[in-house]
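Please look at the chain below and follow its strands and helices.

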Amino acid sequence: MTIRGLDPRHRRRGHERSVGVLPGGADAAVWAVLDQATRRTAAQVVATLDGRDTVVRLARRYADHGTPQRAGHLFEVMHAIGFNRHAARTGSAARAHVLEWAWDGAQNGPVDIVLTDGATKIARVQAKLLGRVAPTAHQISRSEYQGMTRLVAADRLEAVNDLLDRRLTMNPEGTFFADYADARAATSDRLAYDAVHSDPISYHQAQKAAGDPIGWANGQVAGAVARDVAAAGLAGAAAGALIGGLTATAMEAARVRAGQTSAGSAVITSAGCAARAAVRSGAVGGISAGGGRGPRPAGGAAARGGGSLPSVFLKKQADDHTTI
């Protein structure tokens, strides 16, 4: 169906004819709602898909390593994915880059993660995922990490800071006093810049994810896709039947503007097709099996290879999956 005013063939002499879907220019407001609702959720899906690509590489590189070592490398990527997803959600240009997976990155170096805002480097980060508190405090206090953010597991942060506080009651003229003070001031359980941050990750969460890195990454994509579908549903409810089948077109345009990669494009285009057909009329409750409860958590059926993930993604998952 062609709607007059959206087809370039319908023109007046010398200029394009402006005929809206709704009277009084209300269609422009509807399109603005749709665009704002879908642009950033699309960007979140793209950021999560980019992170999943890194996790696939990580799983292959460390397939023969023990879970603790694999967890340490995955810990960095988990935080970067969370930070980048939140940046996309807020429209920030800030991004986290794990240097090991950068084009010229090294596997061993003092800097694990670099935060950037556009072309500007804004922070360097050293991540330590250790089970014991004392070795964690010792490692993050090494002089080579001076001036860097230290990232530790959420369930180790308080104990590590308490230990550093005790060491700061020692002789201020001691050899390592300045290193302890620097570590104490720079240690956190999340990446943060302005209003953008990653979510805290516990030692147990990182170890569990390292048991099946790709399964964990698939769960993240499932959650991002579910949120994208929900956002489209809310926008569709706002627009209602007034825009009908145009919702899908707006969503695809938003994805292009989100700057997705070719790998992400195929997945996003197919993700939630059936659900989107329902949400165009505002039937948001049809998204989840729970009926009106919204998207399932990322660790649900979709993360295990079922649920809301489309068949094209499940095939990609099977093709990429590395047995750990």
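## Strands E4 and E5

In this predicted model, Ile113 has Val125 in E5 as its bridge partner. The two strands, E4 and E5 (residues 120–128), pair in the antiparallel sense over five bridges. Two residues lie between the strands of this hairpin, and Gly118 takes a positive phi near 70° there.

## Neighbouring strands

E4 (residues 113–117) is also joined to E3 (residues 94–98), by five bridges, and these strands run antiparallel. Here Leu115 in E4 is the bridge partner of Ala96. The side chains of E3 alternate along the strand.

Within it, Lys128 stands opposite Val152 in E6.

## Helices H4 and H5

Two packed helices are described by the angle between their axes and the distance between the axes. For H4 (residues 157–167) and H5 (residues 177–186), the angle is about 145° and the axes are 9 Å apart. The crossing of H4 past H5 is left-handed.

On the H4 side, the contact is made by Asn161, Leu164, Asp165 and Arg167. They meet Phe177, Tyr180, Ala183 and Arg184 of H5. By class, this contact has four nonpolar residues, three charged residues and one polar residue.

## Buried residues of H5

Which residues of H5 are buried? They are Phe177, Asp179, Tyr180, Asp182, Ala183 and Ala186. These buried residues pack against helix H3 (133–140), strand E6 (149–152), H4 and strand E7 (187–188).

Tyr180 has a relative accessibility of 14%, so it counts as buried, the cut-off being under 20%.

## An aromatic pair

How many aromatic pairs does a search of the whole structure find? The search finds one. The ring centres of Phe176 and Tyr180 are 6.4 Å apart and the ring planes stand at 45°, so the pair is tilted.

## The chain as a whole

The secondary structure comes to 11 helices and nine strands. The chain has 324 residues, and buried residues make up 46% of them.

Among contacts in the chain with a separation of 6 or more, 68% are between residues 24 or more positions apart.

Technical notes
Residues numbered from 1 in each chain as written. Predicted model: local features only at pLDDT ≥ 70, side-chain atom pairs only at ≥ 80, totals over all residues. Heavy atoms only, no water. Axes fitted to C-alpha atoms, helices over the stretch in contact; angles between N-to-C directions. Helix = DSSP H or I, 4+ residues; strand = E, 2+ residues; numbered from the N terminus. Left-handed = near helix turned anticlockwise from the far one by under 90°. Contact = heavy atoms within 4.5 Å. Nonpolar A, V, L, I, M, F, W, Y, C, P; charged D, E, K, R; others polar. Phe/Tyr/Trp six-rings, centres within 6.5 Å; stacked < 30°, edge-to-face > 60°. Buried < 20%, exposed > 50% of the residue type's maximum accessible area, 1.4 Å probe, protein only. Pairing = 2+ DSSP bridges.
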